[in-house]
Amino acid sequence: MEKADNPSDLSKGVTKKFFIKTWGCQMNVYDSTRMHDVLESNGYMRTDQIEEADLVLLNTCHIREKAAEKVYSSLGRIRKLKRNRADSNRPLTIGVTGCVAQAEGKEIIRRESAVDLVVGPQNYHCLPDIVERSRKHGPQIDTEYSVEEKFERLPLLASHNQFKRRSITAFLTVQEGCDKFCTFCVVPYTRGPEFSRPRNQILEEASALVDVGVKEITLLGQNVNAWHGKDANGGEIGLGGLLNELAMIKGIRRLRYVTSHPLDMDKSLINAHRDLESLMPYLHLPIQSGSNRILKAMNRKHTVQDYLSIVDQLRIARPDLVLSSDFIVGFPGETDRDFQDTLEIVQQICYSQAFSFKYSRRPGTPGSDMENQVDEGVKSERLERLQSLLKKQQLSFNTDCIGKVIDILLEKSGRDANQLIGKSPWLQSVIVDSKIGSIGDLISVKVTGATLNSLHAELS
Ligand code: 5AD
Ligand code: SF4
């Protein structure tokens, strides 16, 4: 059989297939969807079977050590697949994208020679070209920062098909990158400086999503609340202003945003929580540590008191608002006293859920060169204590919902055929009998049961 040079060479009956595996945060999930869009526009088809693929992409995360190691062990397995294909007329192209690609660049190809392309998060609009170049000229690396171009040049999901996979809920990246330089974090180095997408581009994408049935949009950004832009009259607005505009789009039933930095929680954003019914009463607001000494060493630029004051203002603006957070235990220099302060802040705030991690040394970040690293055993023991407290709070938040009537947005089928799963305003998964509604419905239900990770409910 003849090999097609052009991926869209359907006339020869050849459609190239790609397989994509995504690690990490929601932004990577969004980026994978946009890569899907750009590849589909260039004649590729997605497959969920890696064995069928002509192109395998690993969209990677670099936030903690294990994330990168998982990529290398996956690459080892895919190399064998490529070797088996070597003599066939369907060679396999392997690409690494995302933050590991950005951070490690050509090191990836040095360590794993089966890799054909390494593409950083700002360069996905060039993906089809890079794939073709790698087939003709060998391994390609593209890790330039060109975030503006990325969004201008990625096709805006022209066809209905492309949009359909967004289903009932969709992510929409409004901001990328970070200028904060927390001393533990690689993001400023992998995603580059802060960039806000223009308002018009965002409103256009949101309307297009609503047109194909999306009911809930989650705005994404590494520092989503650092978003700023101009309104229709050229006036400066922040994320609060943008949310006000999005809330006016008919058909958007729910809005969320993630991840926020306490420093960028301004008055207009807090007021948006007071004024916008569609803005869900749930906020992921990482504090990382409950010790001012450690926050300073982390270069977080806020104190525990600053954080508490924001939480107070938010709770006044929207009394049913609940909070989630990220925590790092065992940052260099963290003493038992500092860790105790973290436990105390958790007790004081009371989270509906939260993520917690052991500090992981990231090469190139200031934290990794600090001398007073904490012993792994101590980190593990602290993480266990913190997680057990957070779990207790999560379970008690869920249990307190029993008997209450809440609105849920039905998103998907459950594990059993007669079940549907929806989300509460507070991002809890709620399992209901499928007779009571259809996917996409926003319905009122009465909570009848609770576990750590979900609620059960019936028609109210
Ligand atoms: N070690 C452990 N956790 C980290 N995070 C970011 N960098 C590190 C690191 N080096 C966590 C932070 C951040 C979340 C996305 O990941 O808590 O908020
Ligand atoms: Fe990383 Fe801090 Fe920027 Fe968040 S604010 S992405 S934790 S450097």
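I looked up the domain bounds first: the protein chain splits into domain 1 (8-145), domain 2 (149-280) and domain 3 (405-459). I note that this is a predicted model.

**Entry: domain 2 against domain 3**

I checked the spacing of this pair, and the C-alpha centres of domain 2 and domain 3 are 26 Å apart. I then looked up the contacts: eight residues of domain 2 touch 12 residues of domain 3. The area buried between domain 2 and domain 3 is about 770 Å², and 61% of it lies on carbon and sulfur atoms. On the domain 2 side, I168, R254 and R256 lose the most area to domain 3. Together these residues make up 60% of what that side buries.

Next I went through the polar pairs. How many salt bridges are there between domain 2 and domain 3? I found zero. For polar contact I noted five residue pairs between domain 2 and domain 3, both residues being at pLDDT 80 or more.

I turned to a sheet of three strands, which is open and runs in the order 14-15-16. Are its strands parallel or antiparallel? The pairing is parallel.

For strand 15 (residues 322-329) I recorded six bridges to strand 16, in the parallel sense. I followed S325 across to strand 16, where its bridge partner is A354.

Notes: Residues are numbered from 1 along each chain as its sequence is written. Chains are lettered from A and ligands numbered from 1 in the order in which they are written. This is a predicted model: local features need pLDDT of at least 70, side-chain atom pairs count only at pLDDT 80 or more; totals for chains, interfaces and linings use all residues. Side-chain values use heavy atoms; hydrogens and water are left out. Two strands pair if DSSP finds at least two bridges between them. Helices (H or I, at least four residues) and strands (E, at least two) are DSSP runs, numbered from the N terminus. Domain bounds come from an automatic or database domain assignment. Contact means heavy atoms within 4.5 Å. Buried area is the accessible area (1.4 Å probe) that two parts lose on being put together, summed over both. A salt bridge is a side-chain nitrogen of Lys or Arg within 4 Å of a carboxyl oxygen of Asp or Glu. A polar contact is a pair of N or O atoms within 3.5 Å; within protein, one must be able to donate a hydrogen and the other to accept it, and residues adjacent in sequence count only if both atoms are side-chain atoms.
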